[in-house]
Amino acid sequence: MKIFKFVLLVSLVFCAASCNKDDSPSNTQNQDPNPDPIAFAQNFGSEISRTFLGTVVDTNNNPIENVMISIGSSTASTDPNGVFIINNATVNERFGYVKAERAGFIHASSAVVPSEGTNKVRITMLAETSAGTTSSGTQETINLQNGASVALEGDYIKPDGSSYSGSVNVIMHHLDPADENMQDQMPGMLYAANAQNEARMLQTFGMLAVELRGDNGEDLNLAEGSSAEITMPLDPSLIAIAPSSIPLWYFDEVNGYWIEDGEATLVGNAYVGNVSHFSFWNCDVPADYIDFCVTVNDSVGNPLANAYVALTSSNFGTGYGYTNENGETCGLVPANETLEINVYSYDLCGGSPIYTNTVGPFTENTSINVTIQENPDLISETVIGTFNDCDGNAITDGYVRLRYGNEYFTDLVTNGDFEINLIRCDVDNTFTLKASDYVNIQETDSLSYTFTTPLTNLGTIQSCNTIEEFITYQVNDHPPISYNFNIQSGLDGNYLTVSYTSENQESYFNFYIDAFNGANTYTNGYLNFFDENFDSTTLESQFIGTSNVTYLGDVDNYIDINFTGVITDFNSSDETPISGTMHVLRDY
């Protein structure tokens, strides 16, 4: 299946007046292999500052640490979760280029149209795996098992342009459009400059990445006047629709888009062409495109963030995006095509679309609104909280990762506060969350919670390597109170208790659920608490609300409880709002 990359964007990809689009292959005659990037950059708009939150993984979906990320002049490094944060990166209104480099992997990247909010990026890096070796002065063909190959003449140069003599390690990867992982593994997005330096959307039939390394690990390339023949096999599903000849495009790692350079010919079930240097090479037909935005709302008009939106064209295949905090995702889509739009629930909920419709064809830039009708099997949730460091100061450069089923939702922490929106199903009402301090490389344990629909307030959590357990609660609008030591908890008969006493015994907190039977959710309970820093005379109270025991481990493992409701003082009828979270080690 041919593929177009429907990138997660939140502003339109605008094509300047110089972009005279058509859907025919570009004329490769009078072609300049070194087009003017300054002229082409007029398509990108003015410089702006934007925030980026990204994740870098390998092909097994494992996070990669210490990846050097660069966006213009801004740089960062991924943490142990493979996550990076760059605030106020200088990009263009309609184009942002994110590069990723790490020893042991070939160069990787992604390109987006920057949003006013957080720009989320996911990059999959391909391992620097040798496909074979050769030597300078030797003609040799290096093959992959799937039939992809590169035929080398034997003349190479070093990065400084001088001739190279010695052994050559050939690193090669073939990306198949029929592989659903191709979109995360390819560089940039399918956006290109044709031979006339005009902007195009690309319809890919396959890509081949080739990198050459010398004896000392230096990057090598083909010597001037030398060439190499590349062969890219076609998936059987593409043979019937593959043109007999197709333009070749290389990825410009400096500027972040594809550039037309030559053509390939269909020989049997593969495209064969000659190239004069190495990078990612791409067999594509340039296509007419429009800018297309989808905004997803719930039945009462609230934007739905983190919704998975897929667009399918019978000729171009399927592209996808996740909605941002405004419920919006945008990208390049083929013009004059009927599109099937699907909004999906998660695998945990059966993986079926929760919205399906057919739209188009469109001949001009288009934005549409999608409303998810009320469904008793689907629930809209908002999770909020506060994230502090060891000293109780608000985290300013951090993020939270919420896991629901096998899906992860990652969002920035802004001045200590975070908010995550998602749709869940009624199959499971529990989730886990980790909060990470990106600057100090500290994070919480994996904390278990139960949704308190429609709003789940997690209160205050702390990232501190010395904190093993905590109780945090908030009474009315008083600042949250947290305890990190002198905590006892466990199960005594049918009483589940959590208690804390300060060293001077002037502050204490006792929470218990009677008639505990191993269920997840309980109504009511009892609190006996007093804090020397809390201006209140409340000592003993009944708790009226919901207590969720999300996790009950064995002794020396964790108990996770979150609760929300009101407390009623035994000495009066006054009701005061309270909520709290407990992540405590079980003592008995």
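D184 and R122 form a salt bridge in which the closest N and O atoms are 3.5 Å apart, a salt bridge being a side-chain nitrogen of Lys or Arg within 4 Å of a carboxyl oxygen of Asp or Glu. Because D184 lies in helix α2 (residues 182-185) and R122 in strand β7, the pair ties together parts that are 62 residues apart in sequence; helices (H or I, at least four residues) and strands (E, at least two) are DSSP runs, numbered from the N terminus. D184 counts as buried at 18% relative accessibility, whereas R122, at 38%, counts as partly exposed; buried means under 20% relative accessible area, exposed over 50%, and partly exposed in between, with a 1.4 Å probe and protein chains only.

This is a predicted model, in which local features need pLDDT of at least 70 and side-chain atom pairs count only at pLDDT 80 or more, while totals for chains, interfaces and linings use all residues. Residues are numbered from 1 along each chain as its sequence is written, and side-chain values use heavy atoms, with hydrogens and water left out.

Strand β7 leads on to a sheet. Three strands form an open sheet with mixed pairing, in the order β4-β1-β7, where two strands pair if DSSP finds at least two bridges between them. Its edge strands, each pairing on one side only, are β4 (83-92) and β7 (118-124). Strand β1 (residues 47-57) runs parallel to β7 and is joined to it by seven bridges, with G54 standing opposite V121 in β7.

To return to the charged pairs, a search of the whole structure finds nine salt bridges. One of them joins E93 to R94, with the closest N and O atoms 3.6 Å apart; E93 is partly exposed, with a relative accessible area of 33%, whereas R94 counts as buried at 16% relative accessibility. Another joins E198 to R200 at 3.1 Å between the closest N and O atoms, and here E198 counts as buried at 17% relative accessibility, as does R200 at 2%. Finally, salt bridges that share partners join E128, E211, R213 and D219 into one network.
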